Amino acid sequence: MKCRKIIAMALTAVMSLSLTACGGADKGTSESGSGDDGKTYNVGICQLVQHDALDAATKGFKDALTEKLGDKVTFDEQNAQGDSPTCATIINSFVSGNVDLILANATAPLQAAVSGTVDIPILGTSVTDYATALDIKEWKGSTGINVSGTSDLAPLDEQAAMIKELFPDAKKIGLFYCSAEANSLYQVETIKTYLEKDGYTCTNYSFVDSNDIASVIANAAKNSEVIYIPTDNTAAANTEVVKNTCVPAGVPVVVGEVGMCKGCGVATLSISYYDIGYTTGEMAYDILVNGTDVSSMPVKYAPKVTKQYNESICKELKLEIPEGYEKIETEEKE
C-alpha cells in the first residue's frame with residue numbers, strides 16, 4: 001500500500017509539472033502574438049537578375065518576414081543571373097528541398113515556379129501583369145491557383161501623359177524592350193495606344209537578350225527623338241550601355257522605374273520596390289502562420305507613384321524639368 005501511495009504521488013507531481021509547462025508555452029505564444037507554436041519556416045527566393053529594383057523588393061520581403069518571425073524563418077536566396085532556364089533549376093531545388101513558400105522575384109521566376117509546383121505556395125513580386133505572365137484569360141484579381149503576390153505596374157496612361165508633358169514637340173518615340181519578357185511587351189503595347197492617341201509615331205525596338213542590346217539601342221537612338229523603356233529586367237541590368245549610347249546621341253530616355261532612371265533615364269513615374277517587397281512579406285506571413293489560402297489572395301499594387309528625374313543626365317541633355325518632379329538622389333563618383 002505504501003509503495004502504491006508513493007507511485008500515485010509521483011504521477012501526480014509529473015502531471016502537475018506537465019500542465020505547468022504547457023501553460024507556460026501557451027502564455028509565451030500569446031505574449032509573442034506570432035501564433036506559430038514555435039514552428040520554423042524555410043522560404044526559397046528566386047530572383048531573376050541583380051539590379052536595384054529587384055534587390056530592393058527582395059530586401060523588403062525578407063525584412064517583413066524577419067520582423068515578424070525572427071530566427072524562425074530562414075531563406076534560401078538564389079539569383080538566376082538573367083537566365084530563364086536557371087530559374088527552373090533553382091525552383092526545382094526548392095521543390096526537392098520541400099520549402100514552405102517560394103518568392104518569385106520577376107516574371108521568369110514566377111513562370112518557372114508555376115511550372116515547378118502546384119502544391120507549394122508561390123508569391124510573386126516585381127511582376128507587372130499576372131494575367132499576362134500566367135496566361136489567365138479572365139482576370140478577376142486573384143489567380144485561383146497556388147499563386148498571388150504584388151505588381152510593380154505604374155499606371156501606363158500616366159506614364160504616357162508624363163512623356164507628353166516633357167516632350168510635347170517630339171514626333172518619334174522608340175519603345176525599347178526585351179522580347180523574352182512577356183510583361184515588357186504588355187507594357188509597350190499598352191503605352192503605345194496612349195502615345196499614338198497623343199499624336200506620336202511609335203516604333204518597337206526589341207532585343208532577345210543582353211548580347212544584342214548595344215546594336216538595338218544604337219538603332220533606336222538613331223531613329224527616335226525620345227526612347228521609352230518599361231520595367232524590363234534585362235534593360236535594367238544594362239543601363240550603362242543605354243546611357244553610353246543615348247546621351248552622346250542627345251536622345252532622352254524615359255523609364256518605368258527609379259533604379260533604371262538612376263542609370264540611364266531622364267525621368268520616371270516610379271513605385272517603391274522595397275514597399276511592394278515588404279507587402280509580399282506580409283502576405284507570406286499570412287500564408288505561413290495564419291493559414292490564408294494563397295489562391296484567393298488578391299494581387300496587390302503599390303499604393304502610390306512618384307514623378308522623379310535624374311538631374312545629372314538632364315543637365316547633360318540641357319533639359320528643363322517642370323515642377324512636381326522629385327530629384328533622384330544618386331551616389332556621386334569621386
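This is a predicted model: local features need pLDDT of at least 70, side-chain atom pairs count only at pLDDT 80 or more; totals for chains, interfaces and linings use all residues.
Mentor: Residues are numbered from 1 along each chain as its sequence is written, and side-chain values use heavy atoms, with hydrogens and water left out.

Trainee: What makes a set of residues a nonpolar core?

Mentor: The set must hold buried Ala, Val, Leu, Ile, Met, Phe, Trp, Tyr and Cys residues joined through side-chain atoms within 4.5 Å; buried means under 20% relative accessible area (1.4 Å probe, protein chains only). The largest such core here has 27 residues, and Ile163, Ile173 and Leu195 touch the most other members. α6 (156-166) is among the elements that supply at least two residues, and α6 gives the most, with 5 residues.

Trainee: Which residues does Leu195 touch?

Mentor: Contact means heavy atoms within 4.5 Å. Not counting residues up to four places away in sequence, Leu195 touches Ala160, Ile163, Ile173, Leu175, Tyr200 and Cys202.

Trainee: How do you know that β6 and β7 pair?

Mentor: Strands (E, at least two residues) are DSSP runs, numbered from the N terminus, and two of them pair if DSSP finds at least two bridges between them. β6 and β7 have 7 bridges, in the parallel sense, so they meet that definition. In β7, Ser206 is the bridge partner of Tyr177.

Trainee: Why are β7 and β13 at the edges of the sheet?

Mentor: The open sheet runs β7-β6-β8-β9-β10-β12-β13, with mixed pairing. β7 (201-207) and β13 (326-327) each have a single partner strand, so one side of each lacks a neighbour in the sheet.

Terms used. Buried means under 20% relative accessible area, exposed over 50%, partly exposed in between (1.4 Å probe, protein chains only). Helices (H or I, at least four residues) and strands (E, at least two) are DSSP runs, numbered from the N terminus.
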